[in-house]
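Here is a short briefing on one protein chain. Please keep the sequence and the model open while you read.

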Amino acid sequence: MVKRRAEQRRAEQQDGPRLLSGGNPQQAKGDGDAVVQQWIAAMPGWKQDVGRQLDQLIVSAVPGVRKAIRWNTPFYGIEGNGWFMAFHCLTKYVKVAMFQGTSLTPVPPVSSKQPSVRYVHLTETEAIDWQQLAAWAVQASRLPGERVF
């Protein structure tokens, strides 16, 4: 049993992150651009293009942005100010979380159980408003971020 688990871990390390339900890549926590790029490269199908564009948009809109992977999710933040945005793969969309979303203008469309968090769902078939996402990233980066780790 222990030998089988060790073999599985070696295979996963060679093949990259495995996909969890909904197609979300499973990856060990880490900090920096390299781990986020590895996670994005493991996103399935059309979601990978969305992930790349979203990452590039955030980097362009927010100079000096920090990146990390926690809980199989890429987080974006400002050093000393916490985390302002993250995204996650689900079966039919990429879920973009803005931690101070209720303070953004306009407020992102999807509510959360957490009072200040708002989401936007990026799908394969609906047009993506990249300009609005960039505006939200800039606004969110200027607000106090979440200190979730």
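**Sheet, helices and packing**

S5 and S6 form a hairpin with three residues between them. In the turn, Gly-80 has a positive phi of about 80°. Helices (H or I, at least four residues) and strands (E, at least two) are DSSP runs, numbered from the N terminus. This is a predicted model: local features need pLDDT of at least 70, side-chain atom pairs count only at pLDDT 80 or more, and totals for chains, interfaces and linings use all residues. Residues are numbered from 1 along each chain as its sequence is written, and side-chain values use heavy atoms, with hydrogens and water left out.

**The sheet**

- Six strands make an open sheet in the order S3-S4-S5-S6-S7-S8, with antiparallel pairing. Two strands pair if DSSP finds at least two bridges between them.
- Strand S3 (30-31) and strand S8 (118-123) are the edge strands, and each pairs on one side only.
- S3 pairs with strand S4 (residues 66-70) in the antiparallel sense over two bridges. Asp-31 has Ala-68 in S4 as its bridge partner.
- S4 and S5 run antiparallel and are joined by five bridges. Lys-67 stands opposite Tyr-76 in S5.
- The hairpin of S4 and S5 has two residues between the strands, and Trp-71 takes a positive phi near 55° there.
- S5 and S6 run antiparallel and are joined by four bridges. Gly-77 stands opposite Trp-83 in S6.
- S5 is mostly covered, with five of its six residues buried. Buried means under 20% relative accessible area, exposed over 50%, and partly exposed in between (1.4 Å probe, protein chains only).

**Helices across the sheet**

- Helix H3 (residues 45-61) lies across S4, strand S5 (73-78), S6, strand S7 (93-98) and S8. H3 runs at about 25° to S7.
- Helix H4 (residues 130-141) lies across S5, S6, S7 and S8, at about 145° to S6.
- Axes are lines fitted to C-alpha atoms, for helices over the stretch in contact, and angles run from 0 to 180 degrees between N-to-C directions. Contact means heavy atoms within 4.5 Å.

**Aromatic pairs**

- A search of the whole structure finds eight aromatic pairs. Rings of Phe, Tyr and Trp (its six-membered ring) pair if their centres lie within 6.5 Å; planes under 30 degrees apart count as stacked, over 60 as edge-to-face and the rest as tilted.
- Trp-39 and Phe-87 are edge-to-face, because their ring planes stand at 75°, with centres 5.6 Å apart. This pair links distant parts of the chain: Trp-39 is in helix H2 (residues 33-41) and Phe-87 in strand S6 (residues 82-89), 48 residues apart. Both Trp-39 and Phe-87 are buried.
- Trp-71 and Phe-75 also form an edge-to-face pair, 5.9 Å centre to centre with 65° between the planes. Trp-71 counts as exposed at 56% relative accessibility, whereas Phe-75 is buried at 7% relative accessible area.
- One aromatic cluster is formed by Trp-71, Phe-75, Trp-83, Phe-99 and Phe-149.

**Nonpolar cores**

- The largest nonpolar core has 27 residues. Among them, Ile-58, Tyr-76, Phe-84, Met-85, Phe-87, Val-96 and Leu-122 touch the most other members. A nonpolar core is a set of buried Ala, Val, Leu, Ile, Met, Phe, Trp, Tyr and Cys residues joined through side-chain atoms within 4.5 Å.
- H2, H3, S6, S7, S8 and H4 are the elements that give two or more residues to this core.
- A second, separate core of eight residues includes Phe-75, Phe-99, Val-117 and Tyr-119.
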